[in-house]
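Here are my notes on this model. Please read them with the structure open.

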Amino acid sequence: MQKVSEDGVLALGGGGRVAALLKAAFQVTGENRLIWQSRSPECGEICFDPLACDGVERMRHAMRGCSVVLALSGVTPATGCDFSVNSELAQQVLFCADKEQMKHVFFVSTSAVYGGSDRAHPEDEIPNPVSAYGGSKYEMEQVIAAYSGQVRTTVLRLGNVAGADQLLGRVGHSGKVLLDRFPDGAFPSRSYIGPLTLARIVTRLIDLVIAGEKLPDILNIALPGVMGMDALLQAGNIPFQPVPAPESVIRTVMLDTGRLQDLFDFTDEMSFPGAVLEELACLKRALP
């Protein structure tokens with residue numbers, strides 16, 4: 001029997017840093033279709049452990065009344081070290097979404113699957129992760145790509161989300177920020193995105209799939225271009241202490257956003273460091 005179309009969106013993994021920023025950003029943008037799941041009752045309207053004995057049953061029940069799933073759940077370097085959980089969770093989400101006839105599932109991945117390069121990484125590039133976390137997310141993506149069910153999926157490879165990253169996310173928590181500097185005096189640069197812009201992109205993608213549009217299997221999610229980490233800190237008048245960059249530090253991670261730009265309208269001003277910081281300030285002003 002064909003599933004009755006509903007506009008609800010089940011967001012899995014409400015306890016993470018990106019989820020916390022998205023919740024706040026959605027309150028500002030007025031997006032109210034998301035129903036948040038978490039293992040902690042403080043972080044979601046629906047509380048259960050997906051990997052518990054009754055995890056499959058409870059996830060299927062949570063999907064009823066929804067047509068789209070946003071899967072943010074998983075293990076990150078900030079939350080644990082058993083990265084194999086990321087693939088296990090993806091398999092479970094795919095199984096449940098197929099059984100409940102979800103219209104679409106968005107899986108959140110990371111730019112860490114790419115490794116480092118001075119050029120922009122397109123989605124069809126063969127990943128070359130250099131970290132265990134990036135490797136686990138690439139394995140998760142392979143599980144998704146190999147799935148033979150009917151549910152449609154899109155992997156969202158996030159750039160650095162301002163406020164959830166290791167740079168801006170730790171400002172104010174441990175004194176002066178330490179920032180890696182290379183022997184030539186340069187600092188690392190990354191593809192960034194502010195939480196409000198990320199929320200608006202997610203809303204746009206949800207609207208497209210509910211309208212029946214077919215999305216790419218993989219989408220890079222970031223502002224066009226890259227930002228120097230030093231430029232971000234300077235734009236916010238945030239003091240930092242340069243330290244010698246270890247050999248393992250990647251100089252540049254830049255995402256090719258051509259596919260995303262076909263779906264979402266960016267302005268040049270969005271890519272200014274000050275604009276990214278203003279999005280964080282806006283959340284702080286708007287919320288108690």
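1. Buried means under 20% relative accessible area, with a 1.4 Å probe and protein chains only. Helices are DSSP runs of H or I, at least four residues long, and strands are E runs of at least two, numbered from the N terminus.

2. The model is predicted: local features need pLDDT of at least 70, side-chain atom pairs count only at pLDDT 80 or more, and totals for chains, interfaces and linings use all residues. Residues are numbered from 1 along each chain as its sequence is written, and side-chain values use heavy atoms, leaving out hydrogens and water.

3. The buried residues of helix 5 include Pro195, Leu198, Val202, Leu205 and Val209. Gly212 follows the helix, with a positive phi near 95 degrees.

4. The largest nonpolar core has 53 residues. Such a core is a set of buried Ala, Val, Leu, Ile, Met, Phe, Trp, Tyr and Cys residues joined through side-chain atoms within 4.5 Å. Leu70, Phe106, Leu205 and Ile221 have the most contacts inside it. Helix 5 (residues 195-210) gives the largest share, nine residues. Another core, of 23 residues, lies apart from it; Ala62 and Val143 are among its members.

5. Beyond its neighbours within four places in sequence, Leu70 is in contact (heavy atoms within 4.5 Å) with residues including Val9, Phe106 and Val202.

6. Is Ile126 buried or exposed? Ile126 counts as exposed (over 50%), because its relative accessibility is 70%. Ile126 is in the loop between strand 6 (120-121) and helix 4 (132-146).
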